[in-house]
Amino acid sequence: MPTPYIGRLAPSPTGLLHLGHARTFWMAHQRARASHGTLYLRDEDLDPQRSRPEFSAAMREDLLWLGLTWDAELRQSDRLPLYLAALHQLLAAGLAYPCSCSRRDLAQSTHAPHEDPAAEPDDEPLYNNRCRPSLPAANLLNSRRPRRTNYRFRTPDRTPIAFTDLHAGPQSFTTSVDFGDFLIWRKALSKNPGDRGLPSYQLACVVDDAATHITEVVRGRDLLKSTARQILLQRALALPTPQYFHCDLLRDEQGIRLAKRHDALALRTLREQGLSPAQVLARFSL
């Protein structure tokens with residue numbers, strides 16, 4: 001028997017959902033329902049500086065208004081022990097290491113990523129290996145100051161990571177060229193002893209996709225490179241790799257990729273202007 005389809009909608013409550021988000025989530029919803037599958041709503045609320053409860057509530061309301069439904073919910077901020085366990089597993093295997101580089105250090109690096117024109121404009125730059133140990137070493141968890149340290153995943157040198165996307169076709173990215181050692185854990189921002197920091201998008205996504213048995217990930221083309229990173233993490237953590245369907249990006253009339261700064265194209269704004277769900281769906285060909 002074929003494996004039952006399990007998909008997810010994974011909005012981040014750092015702003016109002018815009019037309020580009022809506023089209024991607026609509027595609028994920030359509031593919032799940034066409035397969036008679038299960039669909040999760042995953043609230044990716046791990047940005048403590050930008051995530052807000054009102055955005056979380058708004059995204060649910062807007063998705064339901066558009067006609068999208070889901071079968072179960074989870075919130076990433078409730079799942080920190082799972083992410084911390086994955087970090088410890090990578091450290092114990094010598095596949096991660098502490099990194100003290102600041103944003104300024106990275107900005108001043110002479111390394112630059114080879115970007116896909118459709119990629120996320122603020123994609124993590126190619127790391128210069130400043131903090132990378134000369135050889136992989138196990139048990140690098142800083143027991144004295146675990147909350148004050150960032151951690152990076154140690155990628156294999158110059159290794160192609162290939163996969164076939166169900167929409168974008170064959171893809172291949174090479175470590176040390178397209179991306180380098182990437183962040184998997186960010187240090188604590190507060191002095192609260194219980195604050196152990198937070199996982200990066202890459203680590204949290206991999207852990208949650210495996211824990212909920214996701215069989216297909218539907219998301220934007222700007223995350224193709226993230227898929228290569230996540231495949232490396234899946235292999236390192238002995239987790240399954242789902243199939244991927246990366247949608248084309250929705251762009252404005254000037255050809256610029258839609259983002260949360262496009263307030264005029266937020267679903268909430270379009271609703272307030274009197275547009276119906278059918279009229280919003282018709283704009284997906286913008």
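In which sense do strands β10 and β11 pair, and over how many bridges? Strand β10 and strand β11 (residues 243–247) pair in the parallel sense over five bridges. Two strands count as a pair if DSSP finds at least two bridges between them. This is a predicted model, in which local features need pLDDT of at least 70, side-chain atom pairs count only at pLDDT 80 or more, and totals for chains, interfaces and linings use all residues. Residues are numbered from 1 along each chain as its sequence is written, and side-chain values use heavy atoms, with hydrogens and water left out.

**Figure 1. The whole protein.**
The protein has eight helices and 11 strands. Helices (H or I, at least four residues) and strands (E, at least two) are DSSP runs, numbered from the N terminus. Of the 286 residues, 49% count as buried. Buried means under 20% relative accessible area, exposed means over 50%, and partly exposed lies in between (1.4 Å probe, protein chains only). Take the contacts between residues at least 6 apart in sequence: 76% of them join residues at least 24 apart. Contact means heavy atoms within 4.5 Å.

**Figure 2**
Strand β10 covers residues 216–220. Five of its five residues are buried, so β10 is largely enclosed by the rest of the structure. Val218 has Phe245 in β11 as its bridge partner.

**Figure 3. The three-stranded sheet.**
This open sheet has the order β1-β2-β3, with parallel pairing. Its edge strands are β1 (6–9) and β3 (72–75), and each pairs on one side only. Neighbouring strands are turned by 30 degrees against each other on average, direction ignored. Strand β2 (residues 38–43) pairs with β3 over four bridges. Asp43 stands opposite Arg75 in β3. Helix α2 (residues 53–66) lies across β1, β2 and β3 and runs at about 150 degrees to β2. Helix α5 also packs on the sheet, touching β1, β2 and β3, and its direction makes about 150 degrees with that of β2. Axes are lines fitted to C-alpha atoms, for helices over the stretch in contact, and angles run from 0 to 180 degrees between N-to-C directions.

**Figure 4. The four-stranded sheet.**
Four strands form an open sheet in the order β4-β5-β8-β9, with antiparallel pairing. Strands β4 (96–99) and β9 (198–199) stand at the edges with a single partner strand each, so one side of each is left without a neighbour in the sheet. β4 and strand β5 (residues 150–153) pair over four bridges. Ala96 stands opposite Phe153 in β5. Helix α3 lies across β4, β5, β8 (182–186) and β9, at about 130 degrees to β8. Helix α5 packs on this sheet too, touching β8 and β9, and its direction makes about 80 degrees with that of β8.

**Figure 5. Helix α3 against helix α5.**
Two packed helices are described by the angle between their axes and the distance between the axes. Helix α3 (residues 80–92) and helix α5 (residues 201–211) pack at about 105 degrees, with their axes 10 Å apart. That makes α3 roughly perpendicular to α5. Angles under 35 degrees count as roughly parallel, over 145 as roughly antiparallel, 65 to 115 as roughly perpendicular, and the rest as oblique. From α3, the contact uses Leu82, Tyr83, Ala86, Leu87 and Leu90. From α5, Leu203, Ala204, Val207 and Asp208 take part. By class, the contact has eight nonpolar, no polar and one charged residues. Ala, Val, Leu, Ile, Met, Phe, Trp, Tyr, Cys and Pro count as nonpolar, Asp, Glu, Lys and Arg as charged, and the others, Gly among them, as polar.

**Figure 6. The nonpolar cores.**
In soluble globular proteins, nonpolar side chains tend to be buried together. A nonpolar core here is a set of buried Ala, Val, Leu, Ile, Met, Phe, Trp, Tyr and Cys residues joined through side-chain atoms within 4.5 Å. The largest has 27 residues. Those with the most contacts inside it are Leu87, Leu90, Phe153, Ile184, Trp185, Leu203 and Leu233. Helix α3 gives the most to this core, with six residues. Leaving out residues up to four places away in sequence, Ile184 touches residues including Leu87, Phe153 and Leu233. A second, separate core of 24 residues includes Ala32, Trp70, Leu265 and Val280.

**Figure 7. Around Cys205.**
Cys205 is found in helix α5. At 1% relative accessibility, Cys205 counts as buried. Beyond its neighbours within four places in sequence, Cys205 is in contact with Arg8, Arg42, Gln76, Arg219 and Gln230. Cys205 and Arg42 are 163 residues apart along the chain, and their C-alpha atoms are separated by 9.8 Å.
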